[in-house]
Structure formats: C-alpha cells, structure tokens
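Please look over the sequence and the model first.

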Amino acid sequence: ITCACAVATLMEDIDGVALDPYFLFATARHLTKKVIGNVGVDLRAVCSAVKEFGCLEAKSAPFTRDTPRHIFADWSRWKELPNFDTLCKNAFSHRKTEFFLVSGPHENMFDIVRAALYAYRKERRGIVAIMKWRVEWMDAEHGIIPIEKFAGGFHTAVKIVGQTHIDQEMYLVLQPNFGRTVGNKGFFYAARSTVNRSLRGGAFMFLNRRGVMEKTGMELPDP
C-alpha cells in the first residue's frame with residue numbers, strides 16, 4: 001500500500017486535488033493479476049495503474065483506512081459497487097498517459113534524481129522510488145537522516161519532492177507515508193551517501209513525452 005500512497009500524493013501535487021490510494025492499490029493488483037493471498041504490489045504496477053485507470057478523487061472514495069484490506073484490495077469488490085461506472089469516470093479524468101524511468105548521464109542516483117527534479121521544477125514534477133528505510137530514522141532530529149550506516153531496515157515507497165542545502169551539503173527532500181508526527185512534519189532530508197546506499201530499483205516520474213522532446217530534444221526511456 002505504500003507504493004499506492006506515494007503515487008497518489010505525487011499525482012496530488014500535479015492535479016491539485018486529494019486522491020485515493022486504495023483505488024490505485026486495487027487497480028494495480030488487478031493489472032498484475034494478484035490474488036487476495038498475495039501481499040502488496042510493486043511501484044511500476046501502481047504507475048501503470050495511473051496510466052490505465054487514472055486516480056480516483058478522495059472525496060468520492062467508497063473505502064477508507066478503516067476498511068479491511070481484503071476488501072479494498074479486491075477489484076471484484078469495487079466492481080460490485082452501484083456507482084462503479086461513475087467512480088471509473090472520475091478516476092479517468094485524472095489519468096496520466098505516460099511515466100518514465102528516471103535516468104541520465106550521471107553515475108549515481110543522487111545526481112540523476114537531482115537533475116530530473118531541477119529540469120522539471122516548473123512543472124512541479126516529483127519522483128517516486130523505493131527506499132530501504134531504517135527504523136532509527138523516525139527519530140531523526142528535524143527530519144535530517146544521519147549519514148552513519150544502520151543495520152536492518154525495511155523497504156518503503158517515498159516521494160522525492162525537492163533538494164536543499166543543509167550545512168553546505170546538498171540533501172534530497174523525501175516524503176514517505178508515515179504521517180506528520182515524524183521528521184519535519186512528515187518530510188525527511190537525505191544526503192548523497194544515504195540516497196545512493198538506500199534507493200532500490202528504478203525511480204519514476206510522470207511526464208509528457210512530446211513536451212520533453214520539445215523542451216530538451218531528448219528521448220525519454222520507457223519504464
């Protein structure tokens with residue numbers, strides 16, 4: 001569900017309206033043919049769900065955080081809803097036709113992500129990625145993740161929303177899905193070594209291919 005939450009908030013930044021992560025979670029599982037016994041869904045599948053189904057506005061969402069997981073994760077339960085067609089039309093209005101794997105000439109993810117954020121800062125385009133998260137980071141003062149290595153951890157989806165200087169060092173600004181009571185009102189700051197050590201797999205951004213070609217003359221890689 002963390003992948004769906006991260007992508008939903010990424011879409012909210014673009015569309016300016018609260019969106020429902022449970023619809024994304026269910027449609028992504030439907031696309032990947034997950035059965036109820038399977039846990040979770042990967043980040044690429046959630047991005048594909050935005051492309052195929054769109055994002056449902058939160059005000060129209062039939063399920064909440066109090067709904068049992070086996071219900072909101074089951075696409076057949078959504079199809080049983082009397083207003084299913086209306087919900088799908090609502091979601092389709094927030095559909096994005098293309099998303100891309102963030103890449104570039106740099107040799108490390110920290111600089112690749114920084115370059116992408118800067119290039120599309122006027123379009124307010126954030127990035128979603130999977131990160132190995134340490135429990136100790138929850139107590140990071142002012143949300144500044146310590147550079148020291150920690151053992152253990154778990155994988156979670158994060159939204160990368162910007163970059164900033166702290167003590168003359170560049171940090172990426174992260175927004176995981178842990179609420180506003182941790183970090184700096186829900187935001188965390190990760191240095192170069194932390195990002196390069198902890199990001200897992202691909203990072204994705206929603207962009208219009210034609211717009212990128214017109215702006216940069218570059219072809220974007222498929223996800």
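This is a predicted model: local features need pLDDT of at least 70, side-chain atom pairs count only at pLDDT 80 or more; totals for chains, interfaces and linings use all residues.

Residues are numbered from 1 along each chain as its sequence is written, and side-chain values use heavy atoms, with hydrogens and water left out.

**Cores.** A nonpolar core is a set of buried Ala, Val, Leu, Ile, Met, Phe, Trp, Tyr and Cys residues joined through side-chain atoms within 4.5 Å. Buried means under 20% relative accessible area, exposed over 50%, and partly exposed in between (1.4 Å probe, protein chains only). The largest core has 39 residues, and Val-7, Met-11, Leu-24, Trp-78, Val-128 and Phe-206 touch the most other members. Elements that give it two or more residues include helix H1 (2-15), helix H3 (43-52) and strand E2 (127-133). H1 supplies the largest share, 7 residues. Helices (H or I, at least four residues) and strands (E, at least two) are DSSP runs, numbered from the N terminus. A second, separate core has 27 residues, among them Val-113 and Ile-127.

**Helix H6.** The buried residues of H6 (residues 84-92) are Phe-84, Leu-87, Asn-90 and Ala-91. Seen down the helix axis, they fall within an arc of 125° (taken from the directions from the axis to the C-beta atoms), so they line one face of H6. The face turned away from this buried side carries the exposed residues Asp-85, Thr-86 and Lys-89.

**Aromatic pairs.** Rings of Phe, Tyr and Trp (its six-membered ring) pair if their centres lie within 6.5 Å; planes under 30 degrees apart count as stacked, over 60 as edge-to-face and the rest as tilted. The count comes to 14 aromatic pairs. Two of them are set out here.

| Pair | Centre to centre | Angle between planes | Type |
|---|---|---|---|
| Phe-23 and Trp-78 | 5.4 Å | 75° | edge-to-face |
| Trp-133 and Trp-137 | 5.1 Å | 80° | edge-to-face |

Phe-23 lies in helix H2 (residues 21-31) and Trp-78 in helix H5 (residues 75-79), so their pair ties together parts 55 residues apart in sequence. Both Phe-23 and Trp-78 are buried, and Trp-133 and Trp-137 are also buried.

**Charged residues.** Asp-111 is found in helix H7 (residues 109-119). Asp-111 counts as buried because its relative accessibility is 15%. The charged end of Arg-121 sits over the ring of Tyr-118, 3.8 Å from its centre; this requires NZ of Lys or CZ of Arg within 6 Å of the ring centre and within 35 degrees of the ring normal.
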